[in-house]
Amino acid sequence: MREKIIVALAVAAAGLLAYDLYQIFLVLPDEAMQGAIYRIIFFHVPAAITGMIGYFVALTLSILYLSSGKLRFDSVAASVIEVSVVFSVVNIVTGSIWARIIWGVWWTWDYRLTSQLVCILIFAGYLMMRRAIEEPTQRARLSAALCIFGCIDVVIVWKSIEWFRNLHPGPVLSIRTGGGNIDPAMERMIYFNLLAILMIAAALVLIRTRQETTAREIDSLRRLAHAA
Amino acid sequence: MDARNFTFMFYGFLAAWLIVLVYVISLARRGARLRKELDDVRRLVHSNQSSQTSGLEERVR
């Protein structure tokens with residue numbers, strides 16, 4: 001069943017991405033000020049939103065683990081965070097390439113960029129910490145605590161373009177601004193690409209969760225072998 | 001399409017997909033390693049159980 005869902009998600013994402021790429025490159029016009037480079041927004045923004053959604057899903061799962069003690073919640077949270085970190089890295093790298101052309105620099109210590117970098121470092125630390133702790137219950141408890149702490153930074157990343165004066169552009173999506181900051185056809189493509197990237201992320205989380213289950217099975221079999 | 005920034009736009013798309021591709025490859029390799037490890041541990045448990053059973057049978061005899 002899980003395999004069928006993964007294949008269905010991958011096929012649907014590939015179909016949607018093919019349509020999106022056609023629209024992005026051949027239908028949508030260049031942006032008046034930025035030229036062709038603005039098209040990076042169609043991956044930069046969906047990758048950021050995918051990462052943030054992932055961190056909040058992991059936050060929910062971590063709270064569920066702390067309240068129920070079920071290790072399954074911890075496994076799924078770790079899988080979601082790993083995939084979210086990948087998309088956050090995509091976000092920061094594509095943003096850096098866009099910045100090189102528009103700002104003339106690869107990087108600046110702006111609130112948005114810095115808080116996003118800190119977010120990646122916190123959750124990369126989360127993944128490294130999990131490798132360092134062998135005892136599953138202790139690992140799950142500390143991971144859940146770090147995830148809750150890390151999500152404070154995710155809120156700062158999200159709101160930084162409203163709270164602080166930034167070099168990074170302000171909100172453009174109409175769900176945050178009420179409309180008027182982006183052409184509706186361009187905004188629609190951001191949502192379409194977001195849907196495709198969310199489907200890819202969901203497929204990757206399913207694959208990663210299965211690996212976590214296998215790792216737990218290996219752990220319990222090892223204990224059985226040592227006990228015998 | 002405006003050719004001014006096309007190269008950097010291409011780098012952006014390439015970087016995005018390259019990062020995802022590297023992750024997918026690492027995921028596939030990790031999956032293969034875990035499957036092998038699971039098979040090895042299963043064999044170990046199985047051999048332990050069968051040696052215990054044969055030891056028990058000898059003691060009963």
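**Helix 3, chain A**

I start with a term: a helix here is a DSSP run of H or I with at least four residues, and helices are numbered from the N terminus. I also note that this is a predicted model.

Next I checked the length of helix 3, which covers residues 71-102. At 1.5 Å a residue, its 32 residues should span 46 Å, and the C-alpha atoms at its ends are 46 Å apart, so the two agree. Is helix 3 of chain A mostly covered or mostly open? Mostly covered: I get 24 buried residues out of its 32.

**Chain A overall**

I listed the secondary structure of chain A and got seven helices and zero strands. Read from the N terminus, the order is α-α-α-α-α-α-α. The C-alpha atoms fill a box of roughly 70 × 40 × 30 Å along the principal axes. Of the 228 residues in chain A, 36% are buried. I then looked at contacts in chain A with a separation of 6 or more, and 79% of them join residues 24 or more positions apart.

**Helix 2 against helix 7**

I looked up how helix 2 (residues 41-68) and helix 7 (residues 184-227) of chain A meet. Their axes come within 8 Å and cross at roughly 50°, which makes helix 2 oblique to helix 7. The crossing is right-handed. On the helix 2 side I noted residues including Phe42(A), Phe43(A), Ile49(A) and Gly54(A); on the helix 7 side, Met189(A), Asn193(A) and Leu198(A) are among them. By class, the residues of this contact come to 13 nonpolar, three polar and no charged.

**Leu28(A)**

Setting aside neighbours within four places in sequence, I find Leu28(A) in contact with Gln23(A), Ala185(A), Met186(A) and Met189(A). Met189(A) also turned up above, on the helix 7 side of the meeting with helix 2. I compared Leu28(A) with Cys147(A) too: they are 119 residues apart in sequence, with 39 Å between their C-alpha atoms.

**Chain B on chain A**

Last, I checked the two chains together. How many residues of chain B are in contact with chain A? I get 27, and they touch 30 residues of chain A. The chain B side of this contact has 17 nonpolar, five polar and five charged residues.

Conventions:
Residues numbered from 1 in each chain as written. Chains lettered and ligands numbered in written order. Predicted model: local features only at pLDDT ≥ 70, side-chain atom pairs only at ≥ 80, totals over all residues. Helix = DSSP H or I, 4+ residues; strand = E, 2+ residues; numbered from the N terminus. Expected span 1.5 Å × (residues − 1). Buried ≥ 20, exposed ≤ 12 C-beta atoms within 10 Å, placed from the backbone. Contact = placed C-beta atoms within 7 Å. Nonpolar A, V, L, I, M, F, W, Y, C, P; charged D, E, K, R; others polar. Axes fitted to C-alpha atoms, helices over the stretch in contact; angles between N-to-C directions. Parallel < 35°, antiparallel > 145°, perpendicular 65-115°, else oblique. Left-handed = near helix turned anticlockwise from the far one by under 90°.
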